[in-house]
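Good morning, colleagues. I shall speak briefly about one structure, and I ask you to keep it in view as we proceed.

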Amino acid sequence: MQDGLVDRIYECSVVPEAWPAVLDEVAALAGSAGGLLFSARKALNWTASERIADVFAAYVEEGWFGKCSRRVCLMGREEPSFFVEHDFWSDAEIDADPVYRDFFRPRGLGWSAGTGVQVPTGDNIVFSVERAFSEGPVAAESVARLNLLRPHLARSALVSARMQHKRAQGAAEALIAMHLPAFLLRAGGEVVEMSPLGTDVSSLVILGAHGRLRLADRQADALLDDALASLTSAPAISARSFPVRDAAETPRQVAHLIPVQRGAHDVFGDSYALLMMVPVASDRVPSATLMKSLFDLTPSEARVASGIARGETPETIAASGCVAISTVRSQIRSVLEKTGTSRQSDLAGLLARLGATAPN
C-alpha cells in the first residue's frame, strides 16, 4: 500500500478539506467513480469525492439517506471489512430496491463497497466507494485493497467525526473539540499538550521524566513504544490501536496513535503524534462492537480471535474456515501482538472482558 496515501489519510483527521481528494484516491483502488464518508453523532456530517458530491447532496437532501438499508446492513456486521451488495442481497432484491432502482441507477451508479465503524463514544462512521452500474460489482481483490486501508481510514475519520468535520484554528481548540482524553506527543513520547479530559485517565497514564508519557499497563506501554517507532519507519503498519487495562487487568480504554502528517502540522504545530483514548464502556453501544471498530484486526484475524474467545482450538478454527492450520497459527500470533497479549488464554480473557462474542 502506498505510504503517501496513508500519510494523506491521516492529514484528513484535522484537515477536512483534504478528504475529497483522498476519497478519490481510495475509490481509484477499487475502480470506482468516487468515495464517500458519513459520520453521525448528534448531527449528520458527510464529505465526498468531487465527482459524486452533487449526487450525494441530493441523496441527503431528498431523503434517500434515511430510506437506504445499506448503512444498517454495514453496521450489523461484526467483521472489520468492506462489504459489497451481494454480501447482503440477491440480484433480484437489488433490482427491486427503490434506492438502487430509482436513485443510484438513474445517476449511473449502483455498485459499491462500504464499511461501518461504530464507536462507544456514539460516533457512527460509514465509508463507501461508489462504482458505475455499467462497470459491474466491486471485485473481491478491490475489497482486499480497501481492507488494507480500513484501520487508517477509521482512525482518521474518528478524529474528524469528533471535530464534526471542522478545521480547528490550533491545537488547544482541536483537543477541546475531541471531547476525549488526548495527548499531543513528540517523537520520543514527551507530552506537548493534552486535552482537558486527559486528567480523566490519570490512573492509566503516567507522566514520567522529561514529560515522557507512559501507560501503567506494561503491555500497552510496549505497544505504544512500538507504534511510536513505526510511525516513520513503517507508515503503513496498522497496529496502532490497542487496549489499555487497569490494575485489575480490565480493559478501560482503547488507545489510538495517530501520526501528525502534512497539513495537520498547521493545527498541531511540530507535534509528532496524537494519542487519543476511547472508553471501552458505553450504555449505548454494546462492547461487542470493539472487535470491528477499535482494533486493527483484519477480517481473518477477527474470525480467529472470535473463535479463541469461544474456546475453539486452532484446529477447529482452521477446519471451519477451510484454511491451513499454519495460517491460523500465524493469525493467532498476529492477534496476540496487536492486542498486547502473550498467550491464547490471555487473549480469551481479554475478549471475554470486552464481550467480544456477545451478539450486537
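This is a predicted model: local features need pLDDT of at least 70, side-chain atom pairs count only at pLDDT 80 or more; totals for chains, interfaces and linings use all residues.

In H1, Leu5, Arg8 and Ile9 meet Trp19, Val22 and Glu25 of H2, where contact means heavy atoms within 4.5 Å. By class, this contact of H1 with H2 comprises 4 nonpolar, no polar and 2 charged residues; Ala, Val, Leu, Ile, Met, Phe, Trp, Tyr, Cys and Pro count as nonpolar, Asp, Glu, Lys and Arg as charged, and the others, Gly among them, as polar.

Residues are numbered from 1 along each chain as its sequence is written, and side-chain values use heavy atoms, with hydrogens and water left out.

Helix H1 covers residues 3–11 and helix H2 residues 19–28; their axes come within 9 Å and cross at roughly 145°. The axes are lines fitted to C-alpha atoms over the stretch in contact, with angles from 0 to 180 degrees between N-to-C directions. Helices are DSSP runs (H or I, at least four residues), numbered from the N terminus.

Let me turn to His152, which lies in helix H8 (residues 140–162). Is His152 buried or exposed? His152 is buried, because its relative accessible area is 1%; buried means under 20%, exposed over 50%, and partly exposed in between (1.4 Å probe, protein chains only). Cys322, at 73%, is exposed.

Finally, the whole structure contains 0 disulfides, a disulfide being a pair of cysteine sulfur atoms within 2.5 Å.

Definitions and conventions
Helices (H or I, at least four residues) and strands (E, at least two) are DSSP runs, numbered from the N terminus.
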